[in-house]
Amino acid sequence: MASLIEVSPALLLLENVLFMGAALIYLAATLGYIIYVRGQREWGSFSAMVLKIAFIIHTAFIAVRGYNVERLPFVGHYEFGNLFIWGTALVYIWTEWRLKEKFYAVGAFITPLMMFYFSYLTIIPSVIPAIVVSRVHRPLPPVLQSNWLSVHVATSVFGYAGFTLAFAAAMIWLIKHYVPALGALGRMFPTHEALDEYIYRSAGFGFLFHTAMIISGAIWADISWGRYWGWDPKEMWSLITWFVFAVYLHARFTRGWTGKRAIALIALGWVAMLFTWVGVAWLLPGIHAFG
Amino acid sequence: MTDTINAKLPENKPESPLQQTLRFFGSMQFGIFLLLLLAVISAYATLQEMEQAIDYIYSSWWYLSILSFISLNLLLCTVQRIRPMFRLAFQPSKSSSIADIRNMPAHSEVPTKMHSDQLDTAAQAFKSVGLRVSVEGAGAGRIVFGERGRLGYFGSFVTHLSLLVILLGALYGVVTGYEVTNGGWIDSSFVVQEGGFEVHMTDIRMVQEENPVMRPRVYTDVTVRRGEEVIAQDTVSINYPVRFGGNTIYHSTFLLFPVFRLTDVKTGESGTSRFMEGDRIYLDAQRTTYINIVKFYTNFSMHPDGTPYNIDYRTDRPVVGGVLMRGRETVGNVLLPRNKAQVFATPDGDVEVMLTGYDLATVFSVSKNLGRPFLFGGSLLLLLGLYMSFFITPERYYASKGENDHSLLIGGRGYRSRLFLASTLQRIESEIKRREEAK
């Protein structure tokens, strides 16, 4: 049964224009950050400004989408994907604002990841027919009509955002390590020590919110289904992601793992996170099939 | 999981075999190994059918053994951490030489006017950035010590303790609790042996959503009795369970049972029964002729190609779709709309079949979990522990007069993180300069 909410053509147009506008300006910020790491130092703050503009437009898109679906736009691949990208941008912008050293080079890696996530919502479904990312405006089914939905989704967004940020910094670490003659790139990249610290803090941030996501999901499941843990593939992969980052955080803190082994764990954790978000939905069906 | 604090402890005498064993089971390496093992096994398990994975992996003795070892690891490392943590938090090294400060991850030398209260200026600058300040030593070796974020030292301790509470809460819940699935229709009852009570459904109401393509909400009025005593009386619906004495009744799902009246055309004898999807309506005594109920459409329609479908969840046009069978032979598809009798020929004579309506039934999950308070208490503690670990960063700063009395040497070190050391040190430096200029 198709379940639809009628949306006026003007609002539908506005929603689509804001989505495309945000995507294009995020792309512009990506290009700006890439120019920055190629040695054009003045492009750092300019790209940061472009990213903030994209973020504001994306916020407007989410607000319009919420108005159109008459609820918080937190459900399904399209809405969650947008929220995830928005959260990733927010967390990165926050780090730029918070830190004395701006780490614009991380922007050159986080924004392509955001574009990759955008491609999952736009290009990938047209290339792989098995993946369907519906933009249909649906009302909330009764099982999802709970205040826990917003807590569960919001914490998962920030958890995933933290892990994405850690992975972006980890990629810089890898390039710095394996490509000795980087030239201008090398000058724009932070030091290994600074990157290591950045990765650790981002992973810790993501881990806190990922944990909150698992806990809020368990409480909600307990209220809704009568059990807090159902061994559903989505639950299990969230836990696997949690395990991997728990191992990294322990190894980093107590064993001083800061090199390739730590980076490998971050990469593994990011892959597990991606699989939890996308892979489980299409390959391992379970009770989390709301999208 | 132990940390480097333990590794730095002086070893006065050789450890006994028991101590060595306990150290191994509480070690971080062992903890990491178990977590990775659990991750790999869990990933493999998700590739299996969920029921199979629950029965043969998640409930297996070896999976539970890994969880037990993780609990043991958490318990031992939590105990092992207590003393070093307290020592680290409450007995800091407050003295530092000029050389020590110069070796700190963040340090700086601030030119000052030559006067006797340079260190007082440093102490005030420390206070202005929110540090807890004390002046240590005397004479030329006097230094200013400042710190903040002491709670951060206990983050991993609280985190490990909370995980232990969660695991033990889960274990306690499994040992003392139960979970059953049962249900029925209006005015029916079922007994929950494990809880020693009976659940009676006095009313079941289906309320359509504003948009009828949405699955409707079902409200069930239940009365729970233990013997003659009513121990609970309330309404159960999705996301709104009924709780009493540690037991909980959750709405799991609802079912619609089509009700048929079968009449022997020759004798006029008739009877009424409710069926569910997958059931067979036997039309003769030998059970050779029957209708296999495939689907109950509450608001029936048909695609142009003849495929039936439900328009939405309304119950305006109930129709049962089925297959008429004679022995193993398929005779054809049948559609049985409400109140429209159809006659089928059987070896016993003609039988009239009519869908007269439907009954609404609710399926509940009934459970008791005494571990719930521990689970949720442990969860809150876990979030607190992680917050303390990652958002409260212990930092310690030191200030000493420089070698030539014309400068102040300031340095800082962080526990786990150095990210904010430089910016804090810069704020201290600016504050010192501002105060120096004001003199």
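Which residues make up domain 1, domain 2, domain 3 and domain 4 of chain B? Domain 1 takes 17–89 + 157–171, and domain 2 takes 99–149 + 397–438. Domain 3 covers 178–255 + 364–382, and domain 4 covers 256–361. These bounds come from an automatic or database domain assignment. This is a predicted model, in which local features need pLDDT of at least 70, side-chain atom pairs count only at pLDDT 80 or more, and totals for chains, interfaces and linings use all residues. Residues are numbered from 1 along each chain as its sequence is written, chains are lettered from A in the order in which they are written, and side-chain values use heavy atoms, with hydrogens and water left out.

**View 1. Domains 2 and 3 of chain B.** The C-alpha centres of these two domains lie 63 Å apart.

**View 2. The contact of chain A with chain B.** Chain A gives 52 residues and chain B gives 62; contact means heavy atoms within 4.5 Å. The two chains bury about 5100 Å² between them, 70% of it on carbon and sulfur atoms. Buried area is the accessible area (1.4 Å probe) lost by two parts on being put together, summed over both.

**View 3. The salt bridge between the chains.** The count between chain A and chain B is one. B:Arg372 pairs with A:Asp222, with the closest N and O atoms 2.7 Å apart. The criterion is a side-chain nitrogen of Lys or Arg within 4 Å of a carboxyl oxygen of Asp or Glu.

**View 4. Aromatic pairs in chain B.** Over all chains, the structure holds 57 aromatic pairs. Rings of Phe, Tyr and Trp (its six-membered ring) pair if their centres lie within 6.5 Å; planes under 30 degrees apart are stacked, over 60 edge-to-face, the rest tilted. B:Tyr297 and B:Phe300 are edge-to-face, at 5.6 Å centre to centre and 70° between the planes. Both residues are buried (under 20% relative accessible area; exposed is over 50%, partly exposed in between; 1.4 Å probe, protein chains only). B:Tyr387 and B:Phe391 are stacked, at 5.4 Å and 5°. Because they are four residues apart in helix H9 (residues 372–391) of chain B, about one helical turn separates them. Helices are DSSP runs (H or I, at least four residues), numbered from the N terminus. B:Tyr387 is partly exposed at 41% relative accessibility, and B:Phe391 is partly exposed at 32%.

**View 5. Charges over rings in chain B.** The charged end of B:Arg274 sits over the ring of B:Trp185, 3.6 Å from its centre. That of B:Arg287 sits over the ring of B:Tyr282, at 4.3 Å. The test places NZ of Lys or CZ of Arg within 6 Å of the ring centre and within 35 degrees of the ring normal.

Technical notes: Helix = DSSP H or I, 4+ residues; strand = E, 2+ residues; numbered from the N terminus.
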